[in-house]
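Open your viewer and get your selection tool ready. We'll go from stop to stop, and at each one you'll hear what to pick and what is there.

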Amino acid sequence: MVTLIVYDGKTLAPKWPKQVARYEITTDADYLGRSQAEIAASGGVVAGDYIELRDGRETLLTGVADVPEQVAGSNRMVVHIAETPTIFSRDIFIVDESPLHDVGIEDFIVQLINDNFVDSGDPLLDIPYIRCTAETHTPIATPAVEGTSNSINLHSYIAKARLLYGVQVAAMINGPNLDVSVSIPSSDPIIIDATTSDVTAYDEVSEIDAAARAIICLQTVDRQTEQITRTYTTYYLLVDGSVSMDVNAPDRVTGRTVTAVTSTPDAVEQTAKDAFARNRYQHKITLDTRTGTQLWDVSRLVVGAPVRLWSRGGKARDTAVTGRTTRSDSAVTRLVFGNLRVSLTDKLRGDFSQ
């Protein structure tokens with residue numbers, strides 16, 4: 001029997017448990033998954049309360065309640081549940097970035113949570129029952145933010161850290177505390193063969209929006225005569241991600257042409273690189289697997305889990321789970337895989353096939 005337990009969003013004190021008639025749990029790579037559970041109508045659930053879905057002693061989900069919805073013509077209501085890291089959706093300033101580079105990105109995130117959400121000095125906004133720990137320690141050389149700004153939205157940063165480095169932020173209610181752990185789990189890829197009968201539905205979509213040539217106009221103005229001079233330079237994207245001005249470079253990729261203007265001579269090449277950096281490549285596979293399959297452990301296929309996926313086109317791809325949905329009234333689990341480790345330039349060269 002699955003039970004929904006409500007905890008007060010301000011104190012974490014338990015309110016009451018309710019038996020769940022049905023549920024749907026959805027998680028995704030950006031921590032923006034929206035789950036729901038249907039229970040007998042009752043007061044006391046407000047937006048910001050914490051929710052646990054339990055099946056016996058197993059916790060299926062810990063999340064944050066949104067405004068409940070009454071089911072028309074019945075005495076039931078649907079509780080909408082956001083993923084717990086959404087509580088960190090707040091713009092903050094980075095004061096000390098050194099833990100990111102010297103200790104680990106996990107410790108850096110813990111510091112940001114503690115400094116801005118647990119002990120910021122604002123009693124109205126602080127969440128004192130959070131206990132945050134770094135389970136692993138992975139120094140990162142890349143700055144937390146690009147450019148001169150030191151402001152970030154912490155929820156967005158956590159989601160980006162998950163995408164780039166595999167950082168997982170997990171939350172669990174433990175007595176009077178909300179335990180938040182930050183880690184980069186290490187595990188062998190789970191092998192899934194999408195050609196087997198235990199995969200009951202399969203869809204594969206790829207999309208490219210890519211520039212391969214950038215024409216940059218350097219526009220300068222003579223201060224005395226106010227005469228405008230324009231100089232044009234063409235850059236080409238190469239398969240290794242670098243740029244070249246050689247039109248005959250053998251390792252050029254194909255794609256559309258973009259233009260840009262700059263008034264700074266030293267910024268011409270960087271302007272071209274910035275144009276190429278906006279290239280977008282999306283490759284997504286969605287499949288339904290039997291939840292009770294014996295071919296792979298579905299319980300391990302959580303968002304972020306590494307996977308070696310044999311596609312229905314016969315190719316093996318290293319990827320990761322970027323979305324997962326389970327339903328109480330379904331015998332299958334829907335999985336989404338993205339961020340396949342094939343480069344955009346490989347795709348443009350035509351080296352990628354299903």
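Start with everything selected: of the 354 residues of the protein, 44% count as buried. Buried means under 20% relative accessible area, exposed means over 50%, and partly exposed is in between, using a 1.4 Å probe and protein chains only. You're looking at a predicted model, where local features need pLDDT of at least 70, side-chain atom pairs count only at pLDDT 80 or more, and totals for chains, interfaces and linings use all residues. Residues are numbered from 1 along each chain as its sequence is written, and side-chain values use heavy atoms, with hydrogens and water left out.

Switch to a cartoon view. There are 5 helices and 22 strands in the protein; these are DSSP runs numbered from the N terminus, with helices being H or I of at least four residues and strands E of at least two. The C-alpha trace spans about 75 × 55 × 45 Å along the principal axes.

**Stop 1: the largest pocket**

What is the volume of the largest pocket? It is about 980 Å³.

How is a pocket found? On a 1 Å grid over the protein atoms alone, a cavity is a set of points where a 1.4 Å probe fits but cannot get out, while a pocket is an open set with protein on both sides within 12 Å along at least five of seven lines; lining residues have an atom within 4 Å of a point. Grid points are joined across faces, edges and corners, and the volume is the space filled by probe spheres set on the points.

Colour the lining by class and you get 13 nonpolar, 11 polar and 6 charged residues. Here Ala, Val, Leu, Ile, Met, Phe, Trp, Tyr, Cys and Pro count as nonpolar, Asp, Glu, Lys and Arg as charged, and the others, Gly among them, as polar.

**Stop 2: two strands from the lining**

Now select E21 and E22. A hairpin joins them through 4 residues, and they run antiparallel with 6 bridges between them. Two strands pair if DSSP finds at least two bridges between them. Find Val321 and you'll see Phe337 of E22 standing opposite. E22 is mostly covered, with 5 of its 7 residues buried.

**Stop 3: an open sheet**

Next, pick E15, E16, E17 and E18. They make an open sheet of 4 strands in the order E17-E16-E15-E18, with mixed pairing. Strands E17 (243–244) and E18 (256–262) stand at the edges with a single partner strand each, so one side of each has no neighbour in the sheet. E16 (residues 228–237) pairs with E17 in the antiparallel sense over 2 bridges. Zoom in on Leu237, whose bridge partner in E17 is Val243.

**Stop 4: rings and charges**

Show the side chains of Tyr50 and Tyr129. Their ring centres are 6.0 Å apart and their planes are at 85 degrees, so this pair is edge-to-face. Rings of Phe, Tyr and Trp (its six-membered ring) pair if their centres lie within 6.5 Å; planes under 30 degrees apart are stacked, over 60 edge-to-face, and the rest tilted. Both Tyr50 and Tyr129 are buried.

Phe108 and Tyr157 form another edge-to-face pair, 5.9 Å centre to centre with 85 degrees between the planes. Phe108 is in helix H2 and Tyr157 in helix H3 (residues 154–165), so the pair ties together parts 49 residues apart in sequence. By this rule, the count comes to 3 aromatic pairs.

Now show Arg162, which lies over the face of Tyr31 at 3.9 Å from the ring centre. Lys18 lies over the face of Trp16, at 5.6 Å from the ring centre. The rule asks for NZ of Lys or CZ of Arg within 6 Å of the ring centre and within 35 degrees of the ring normal.

**Stop 5**

Most residues other than glycine have a negative phi. Select Leu12, though: its phi is positive, about 70 degrees. Is Leu12 buried or exposed? Leu12 is buried, with a relative accessible area of 2%. Glu226 also has a positive phi, near 60 degrees, but Glu226 is exposed, at 63% relative accessible area.
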